[in-house]
Structures are given as C-alpha cells and as structure tokens.
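Hi there,

Here is the structure I promised to pass on. Please have a look at it first, and then read my notes below.

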Amino acid sequence: MIQLEGIEKVYRTERIETVALTNINMNVGEGEFISIMGPSGSGKSTLLNVIGLLDVPTGGKVALNSKPVTSYSDRNLARVRNEEIGFVFQTFHLINDLNVVDNVEIPLLYRKGISSGERRKLALRALDRVGLHARVHHFPGQLSGGQQQRVAIARAIVGNPRILLADEPTGNLDSQMGDEIMDVLRGLNENEKTTVVMVTHDPRQAEKTERVVRLFDGRQVS
Amino acid sequence: MKKALAYARATDTCVSPKSFFSCFFVLFVDEVFMLKNYLKIAFKVLLRRKFFTFISLFAISFTLIILMVATALFDNVFAPQPPEDKADRSLYVMGIRLQGPESQSTGPAGYVFLERYVRTLPNVEKVSIYTTPNVVYSFWKGGKIKSFLKRTDGEFWQIMGFRFLEGGPFTAEDEKSANFVAVINEATRRKFFGDEPAVGKMIEADGQQFRVVGVVGNVPIFRINPFADIWVPISTSKTNAYKSQLLRGEFQAAILAKSSADLPGIKSEFESRLPGVEFPDKREFNTAIGGADTMFEFASRMMIPSQQMESQPRKLLAIIISLMVLFMILPTVNLININVSRILERASEIGVRKAFGASSWTLVGQFVTENVLLTLIGGVLGFFGSQFVLKLIADSGLIPYAEFHLNYRFFVYGLLTALFFGLFSGVYPAWKMSRLHPVQALKGAGGSR
C-alpha cells in the first residue's frame, strides 16, 4: 500500500543543515496497523508527514499503491490526500469557530460531486462511528480532550480514506481517554480494514499495533 | 490539445503557448466548481470573525458612501440636467480678471463688456446676459421674505430649459420695454401665496412691484447660472448704472452654440478678443484674463491657482480621479494589512485544510472569494448608506433646493473599483497564505515555501 524507498529528508537554512531522515526503506501493507516509535527528534513526525504527502522528501521515492507520487503537482497531491489519507494530530487541530459537524465536513468540501445534504449525512455517520452523535452542534471548546480527538478521527475518516495517519493521537490525553482512542483506531483497522500508521511515544499503545518501526537520529533501527 | 489539458491538470501549469488559454480555462473551470464551497466557507469565516468583518465592511462602505456623496454633489454642480439641459453646447462667461501694474480685480463682468465682447460673438445660436443672484427682501403681509433675485434678458429663458408649473417666461420684448414682470420659483410662490396660483398676481421684491408671469420648479443653489428665487428683466433695475459697468460688474453670460462642435471655435474667438479690450485707464488695469467655459472648466480656472487664471479641466479631473483612487486605496491597504496579519492567526486552519485536500489554488480561490464577498457586502451597505446620507443632506436644508440623486453610473464605477481593490487586496495575502507549508502551518508558524 505504502512504499518508501531510500527516503532522505534534510532541512537546510543558510547556516545549518539538519538531517531528519536517512535512507528510510519501508513497506506498509493494506490493512496493517503499525506504530512508529523513537525518542524526540528522531524523525517520527517527519516520516509521517512524508508518508502523508504533507512534506516532500529531499531524496528517495514515495509510492502509494505502487504509483510514485513524489513528482505529483500540488493539486494532485491535494487530491490524493483528500481521497486516500486521513490525518489525526496530537493537538487535534479542530477549527474552534466551526461546530463539530462542520469540522468533520472539511475534507468533503474539497471533494467534487458531493452535495451539502450528502456531506452532512456522511459527517453525521462518521460522528456516529466514533460515538459522538449527540454532540454534533457543540463547538470544540465545549468538549473534553478525548471527545475532541474523536471529532478529529471522525474528520479523518469521513471521506473513507484507506490510510489513517495518526501523530501521537493519545499524547494529549490521560491513559483512559488514550485507551478509548486506541479502541476507536483499532476498530477502524479491524472492521473497515483501514491501514493505520501511528506515531507514538507510549510503548503500551505501540504494543497494541501489529508492527513497530523504530527510529533513532533519523535512521530506521528496527 | 488533450495531452496539454491532461498535463495542465497534472501539473497546474500551462506550458504550451498554443493551448495556454484552453488549459488555463480548464484550471479556471475546476476552480469555479468550488465557488459554492468558497462562498459557504467565506460566509462562515466572515460571521465568525465579527470584528474583522465589521472593520472591513465599515472601511469599504464608508469609502463608497463618501465617493457617492461626492459624485452626487459633483453631478449637482456639473452634470447636464434641467434647467441646464443644453449644457453640452453651452459656454459661460462667469467672470474676468483685470490686471494692472499695481492692482488686480477678479469677479463678475460688467454689462458693457459682455454686450461688447460676448453678445457679438459670431456663429452662436443665442447669448444671454444676467446678474449674479442678489439677496433681496420683500415685506409681505406683515412679514419679511428673503429671496435671491436674478435680473436677466429674454434669451435667458430660451437657453435654460426651465420646467414651468404655471404661466411662462418673460420675453425679450418685456426686457426691452422694462415691463415689471417676474418669474418665481415654487418655494417663492408658497411663501407669497400658499397653495394658490400666482400668475397674474403682484409681488414686491427689493422695493419694486412685479406681476408674476410664470412659476418654475426650484433650482438647486449649486446650479449657479440658472439659480434664483425670482427672475426679473434687467431693464427693471432701479438705476441705469449697469449700462456704464464697463469691465467689472455683476453680470455673467451664457452662450448657446449651434452645435457642440462649435464650442472650441467660440472659446478661441472670445479669447482672441481679450487682448483688444479697451481699458478706460491703463494705469489701473491693462490686461483682461478670462474665458468662455463649461462649468467644469470654470471650476478648474477658479480652483487651480495660476498666474493667468487658465482653465485646466484635465488637471482638475486628474486631481479628482487621483483623490478618488487614493481614497479607495486606503481601505485596500487596510484590507491587505489585516489579511496579511491574519496569516499567522489562520495558519493552523490553512494547515488543516491543506492536509485534508485543499490545494494552493483552492485556498487562493477561497481567500479571494472571502475578500470579494466582503467587498460586495460593503458595496450593498455603501449603496443604502449613500441613499440615506444624501437624503439626510437634502432634508437638512443646508443646501437650498438641493435634489440629490444617486449617480448609478458612478455607483457601478465605485463598486467595480472596490471590487478591483477587493481582488487586489485579496490576491497577495491569499497567495501568501496558500504558500504556507502545510507542516509549518499545522505548527502554527507562518513560514512559506
């Protein structure tokens, strides 16, 4: 499903050059649930951003479904992100001025051929899947951290992406809420066959995934 | 062609010169498809950022209101409208400047000057000579009525297209015979006779008795040439002193050309006569400066200082347009400023939208739509605001008989200019916003690619 070959990522400024990723080779199969672990600054989030086509690697190739996407235009990358990938962030990144259902609708706004009625229906269904159907008109500020992360997951899955990328989705939550979120992610993986790639610091959560990729100083160590 | 379009869609670029417009069109149509979404998002953004929306709307609508009120005032003075409905082939000699070795005198011309140098101009259809309006008082039924009185010749009524509510104008014969007849306006009829008809009745003005022969609609004070409350023949003046006003006096003249094509010839003929003006005492004055002008040319002569009191209509127009553009730039700069400063505030939102499928083009479209929508709402508010302010000025009575009409042509120009600036003020911030790197944007930083 996801193929990374010789991925390099170097951040360059006028004075310094920071190597974030070196020679990463990785395959993620369809329906897999893997976690990426490593200490802070080891390149976990950078790797996730490269997989999610949010960041362009300095070297190497990224392929989705065997199609190389590294040379895609901004418009095509946006289309692939919209149709194939859902994101869950550590700090939720909900738009505070939009209510829950409007937040969830965002990915569908950028998909052609979906009427507003259909958009609303899909958003409500996604909220139902994460157990938040009773809070659709609340604003993010009125929800607990766990509920906000559920909204973020609903937003990530509303367009039925085949890949879900989660960047420390339980990082800002207490252990009970973290477990609840992990249950939701696992449910999506098991029931919907969604491929999940999760960055985490927490070995307890990583144990719940099928495979762990470990990074150290931008290199893949296992 | 198909290849070029596919390439355009894949790369967001139109490289083939032959198919540039087609592929640009395809990219454009793709974006237009998103318009409905842009509008929905734009409405939500404007509603949720109330303070920004208020400031921006205030700036846009206030600018349009000022622009509309200014153009309505401008129209009130310069636009061809009754009674100056032949303004397209009319010229006016509003005054002259006399210069001498040690003195200078500027103001309305003398009767003799106009009779000698204007009345005799060749190739004109008509020339009328009349006084500037003078304040006179009438003592009527124990009260005092203040009016503006203008003394005119008979041709005045043939050059000006007054709307008569009763009776008709006095004639050249009335003027020649010094008949004590008067045309009054609607407001004066009301002051003297209430709702009763006035024609055939006598009024007193400036200690003289006149028989009313006609009643016309009120003329706004800004229409300097036709404006008055009471019009009477010049020959009814209390003395014949006006006949000895050689150069400077209290008279002005209107020239009606046979066609507008004759105006330049008439102007140059009049100017060519000025060096030959006879001065009674050359030690006092020895040069006459002036011109036969349209009202706008006259305004430029008076408003733009110059040694020779030249008519500089193009310069005045350039100044007015520059001021208007400058006035329009202020809200634009304000909008650009606010929009650019909002980049950081909206960085996270931009990151989220990019992550979930918004391309840079889509975001440009969205931000530009937000600005254009804001401008259009400001335009609508400006439209109603202008109507309100103009009504307020007209009702206040500050400007006698002022009838302000919203100039729809100028409103459309104003709105188009606002729209242009709306686009202009939206494109740069939109481009800057769209260039935010999604990862940086999600971190809330404003770094761009």
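How many salt bridges are there between domain 1 of chain B and domain 2 of chain B? The count is zero, where a salt bridge is a side-chain nitrogen of Lys or Arg within 4 Å of a carboxyl oxygen of Asp or Glu.

Before going on, a word on conventions. This is a predicted model, in which local features need pLDDT of at least 70 and side-chain atom pairs count only at pLDDT 80 or more, while totals for chains, interfaces and linings use all residues. Residues are numbered from 1 along each chain as its sequence is written, chains are lettered from A and ligands numbered from 1 in the order in which they are written, and side-chain values use heavy atoms, with hydrogens and water left out.

Back to chain B. Domain 1 covers 2-8 + 22-78 + 316-442 and domain 2 covers 95-292; these bounds come from an automatic or database domain assignment. The C-alpha centres of the two domains of chain B lie 49 Å apart. Their contact (heavy atoms within 4.5 Å) takes 10 residues from domain 1 and 11 residues from domain 2. The area buried between these domains is about 830 Å², with 62% of it from carbon and sulfur atoms; buried area is the accessible area (1.4 Å probe) that two parts lose on being put together, summed over both. On the domain 1 side, B:Asn76, B:Val77 and B:Tyr401 lose the most area to domain 2, together 65% of what that side buries.

One residue pair is in polar contact across this domain interface (both at pLDDT 80 or more). A polar contact is a pair of N or O atoms within 3.5 Å; within protein, one must be able to donate a hydrogen and the other to accept it, and residues adjacent in sequence count only if both atoms are side-chain atoms.

Now to the interface of chain A and chain B. The two chains bury about 2800 Å² between them, 55% of it on carbon and sulfur atoms. Chain A brings 28 residues to the contact and chain B brings 34 residues. The rule finds zero salt bridges here, but eight residue pairs in polar contact (both at pLDDT 80 or more). On the chain A side, α2 (74-84), β6 (85-88), α3 (100-109) and α5 (145-157) each supply at least two residues, and α2(A) gives the most, with six residues. Helices (H or I, at least four residues) and strands (E, at least two) are DSSP runs, numbered from the N terminus.

Strand β6 of chain A is also an edge strand, as is β10 (219-220), in an open mixed sheet of six strands with the order β6-β7-β8-β3-β9-β10. Strands pair if DSSP finds at least two bridges between them. Four bridges join β6(A) to β7 (residues 163-167) of chain A in parallel, and A:Phe87 stands opposite A:Leu165 in β7(A).

Chain A has an open antiparallel sheet of four strands too, in the order β2-β1-β4-β5. In that sheet, five bridges join β1 (residues 2-12) to β4 (residues 59-64), and A:Glu5 stands opposite A:Lys61 in β4(A).

Finally, two backbone details in chain B. A cis peptide bond joins B:Pro82 and B:Pro83, with omega about 5 degrees, and B:Pro83 is in the loop between α4 (50-78) and β1 (90-93). B:Asn123 has a positive phi near 60 degrees.

Best wishes
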